[in-house]
Amino acid sequence: MSTERILHVLDQQIETLAREIEPIGHVSASQARFDIALFSTKGTRLRDYLAEIKVNLQQLNQEVVEKRSAQVAFIAERLVAQITAMQRELATQTLRKTHQTPERKSHDNYTKLAETQQFERRLIAMIEDRETTLGQLATFSDQQRVQKELAALEGRLMRCRQALAKIERQIERQEKGF
């Protein structure tokens with residue numbers, strides 16, 4: 001297959017992908033959809049990833065014109081992997097919608113609560129450890145350093161407890177049906 005033919009096929013696949021993405025391309029996900037090794041895009045919308053694919057196709061065309069075969073092979077391989085990943089993502093969209101139930105959200109909040117409580121326990125242990133260390137230090141500079149660490153840890157503990165309260169309120173609202 002000639003290079004021009006391959007470029008034409010890739011262009012057609014990207015256009016088909018763009019038409020399929022159009023209705024849902026603006027919807028944000030809660031986290032990045034793809035590995036950073038595959039896409040450099042930090043966005044969470046499918047159209048962000050499609051834009052990167054289009055840029056890569058333009059770059060591939062440029063590399064073909066400049067006859068840089070190593071770059072052409074690398075970009076073409078990456079582009080095919082990106083298109084395949086997007087096609088898989090599109091194919092799973094209906095599954096994702098059916099699996100997004102309130103039960104799942106509730107489960108996520110309980111998991112978040114448990115993780116945050118564990119984080120709180122570790123912070124408390126670290127604070128206690130620093131307080132013990134502080135009483136044993138002889139030099140003023142070491143005491144100041146540990147006091148700064150203590151202040152930072154106490155700030156993190158305060159923010160952690162605020163997060164815990166927020167998660168608990170979310171769970172309470174869910175249980176009440178809000």
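**Figure 1. Helix α1 crosses helix α3 in a left-handed way.** A crossing is left-handed if the near helix is turned anticlockwise from the far one by less than a right angle, and right-handed if clockwise. This is a predicted model, in which local features need pLDDT of at least 70 and side-chain atom pairs count only at pLDDT 80 or more, while totals for chains, interfaces and linings use all residues. Residues are numbered from 1 along each chain as its sequence is written, and side-chain values use heavy atoms, with hydrogens and water left out. Helix α1 covers residues 3–21 and helix α3 residues 69–91; their axes lie 11 Å apart at an angle of about 25 degrees. That makes α1 roughly parallel to α3. Axes are lines fitted to C-alpha atoms, for helices over the stretch in contact, and angles run from 0 to 180 degrees between N-to-C directions. Angles under 35 degrees count as roughly parallel, over 145 as roughly antiparallel, 65 to 115 as roughly perpendicular and the rest as oblique. On the α1 side, look for L10, Q13, I14, L17, E20 and I21; on the α3 side, for L79, V80, I83, M86, Q87 and L90. Contact here means heavy atoms within 4.5 Å. By class, these residues are nine nonpolar, two polar and one charged. (Ala, Val, Leu, Ile, Met, Phe, Trp, Tyr, Cys and Pro count as nonpolar, Asp, Glu, Lys and Arg as charged, and the others, Gly among them, as polar.)

**Figure 2. Helix α1 also packs against helix α2, with axes that come within 11 Å.** The two axes cross at roughly 165 degrees, which means that α1 is roughly antiparallel to α2. The crossing of α1 past α2 is left-handed. From α1, the contact includes T3, L7, L10 and D11, and from α2 it includes L46, R47, L50 and I53. Sorted by class, this contact has twelve nonpolar, two polar and three charged residues.

**Figure 3. F39 and Y49 form an edge-to-face aromatic pair.** A search of the whole structure finds one such pair. The ring centres are 5.0 Å apart, and the planes make an angle of 75 degrees. (Rings of Phe, Tyr and Trp, its six-membered ring, pair if their centres lie within 6.5 Å; planes under 30 degrees apart count as stacked, over 60 as edge-to-face and the rest as tilted.) F39 sits in the loop between α1 and α2, and Y49 in helix α2, ten residues apart. F39 is buried at 1% relative accessibility, and Y49 is buried at 0%. Buried means under 20% relative accessible area, exposed over 50%, and partly exposed in between (1.4 Å probe, protein chains only).

**Figure 4. K67 has a positive phi, near 55 degrees, although this residue is not glycine.** Most residues other than glycine have a negative phi. You can find K67 in the loop between α2 (46–65) and α3. K67 is exposed, with a relative accessible area of 73%.

**Figure 5. F119 lies in helix α5, residues 102–136.** Helices (H or I, at least four residues) and strands (E, at least two) are DSSP runs, numbered from the N terminus. Leaving aside neighbours within four places in sequence, F119 touches R156 and C160. F119 and R156 are 37 residues apart in sequence, and their C-alpha atoms are 9.9 Å apart in space. At 29% relative accessibility, F119 is partly exposed.
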